[in-house]
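Dear colleague,

Here is the structure I promised to hand over, with notes on what was found in it below. Please read them with the sequence beside you.

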Amino acid sequence: SRESTTADEIGTYDVCTIGDYKMTVNVEADPPGKKFPCLADDEYEFETTVGCSVDVDITCVDEEGTDCAERALETPPLQCDDGENINVVTFTYIGGGCDQSSNTQDIPSVIECEDFNGAPDETNESRIICVDESPDGGTFITKLFDETVTVGEQFTVKGTAGSTLGDSIFCEIKQNNFRRQELKINTSGKEDLYLKDVFGSFKLESCDEKDCLVPITYTYSITNVGQGPMDITEVMRSRGDNTVDLLDEVGKKTLEFKESTTLEDKDIIDVCVKDEIEI
């Protein structure tokens, strides 16, 4: 008849550490009247896995610490002309010819736009030179801006030594040392001037304290909420059609349990244009 016996052994396993556990039991029995013993063995194997879980949280503020969702609702008055000379203006360089101008100054006595050599194209860098009108309105004498910009880049023209701009500014756009466009824009504060006005290859983004473009900072907080250490191996940020790999921006890539790390991502939002931003 069959008969069995058992033996118990108590062990301890660390379920918070990844590992393989294997137990082998070898049994030898000597039956009566037999020349050789009987042999048997058995194995029991299992592994422990540590739960991997990560949490990421996004915050967004402007330069003054205001939440981006609140700041986006604060659209400035678009009208720049208030009867006083303007101190500073900021444009986005968009390239292109005078035919794309869209503004209320577009009359010969107030604004002049003329293209040369086919107008500025949208692929090359451009040198922009802006000068100020003299106090008597006769000539342009004071250089206010002289730098190289690319399409989509912002640049600022302001009065010298804290003074206001003259009644007009005159700007020349060059590519490969060839003159491509000349612009005259009235900045007296007495002629119509609105944010988002387009003057040839320039789009007006700000005048004095009124500004459409607001610098913002996204902060991504990454926390290990699993059961053990983990390595951050990928951080991809998608905004609209643009996807960027931010892994190199992560200062600490190995996180212990409940440990966090953060990284920042700077951008500019346009509060004068209705848009929905999703990260």
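Aspartate 99 is placed in the loop between β4 (88-93) and β5 (112-115), where strands (E, at least two residues) and helices (H or I, at least four) are DSSP runs numbered from the N terminus. Its relative accessible area of 74% makes aspartate 99 exposed, the cut-offs being over 50% for exposed, under 20% for buried and partly exposed in between, with a 1.4 Å probe and protein chains only. On the surface, Asp99 gathers with Glu112, Glu114 and Asp115 in a patch of negative charge; such a patch takes residues with over 30% relative accessible area and no salt bridge, like charges being joined within 9 Å.

Please keep in mind that this is a predicted model, in which local features need pLDDT of at least 70 and side-chain atom pairs count only at pLDDT 80 or more, while totals for chains, interfaces and linings use all residues. Residues are numbered from 1 along each chain as its sequence is written, and side-chain values use heavy atoms, with hydrogens and water left out.

For the chain as a whole, the secondary structure comes to one helix and 19 strands, and 36% of the 279 residues count as buried.

Twelve salt bridges were found in a search of the whole structure, a salt bridge being a side-chain nitrogen of Lys or Arg within 4 Å of a carboxyl oxygen of Asp or Glu. One of them joins aspartate 270 to lysine 196, at 2.3 Å from N to O. Because aspartate 270 lies in strand β19 (residues 260-270) and lysine 196 in the loop between β10 and β11, this pair ties together parts that are 74 residues apart in sequence. Aspartate 270 is partly exposed, at 24% relative accessibility.

Another salt bridge is formed by arginine 127 and aspartate 146, whose closest N and O atoms are 2.8 Å apart. Here arginine 127 belongs to strand β6 (residues 126-133) and aspartate 146 to strand β7 (residues 140-149), 19 residues apart. Both are partly exposed, arginine 127 with a relative accessible area of 34% and aspartate 146 with one of 28%.

Finally, threonine 187 sits in the loop between β10 (178-186) and β11 (198-199), and with a relative accessible area of 1% it is buried. Leaving aside neighbours within four places in sequence, threonine 187 has contacts (heavy atoms within 4.5 Å) with residues including Asn85, Ile86, Leu165 and Asp167.

Terms used. Patches are made of residues with over 30% relative accessible area and no salt bridge: like charges are joined within 9 Å, nonpolar side chains (Val, Leu, Ile, Met, Phe, Trp, Tyr) within 5 Å. Accessible areas come from the Shrake-Rupley method with a 1.4 Å probe; for residues, only the protein chains shown count as cover. Lys and Arg count as positive and Asp and Glu as negative; His and the chain ends are not counted. The place of a charge is taken as NZ of Lys, CZ of Arg, CG of Asp or CD of Glu.
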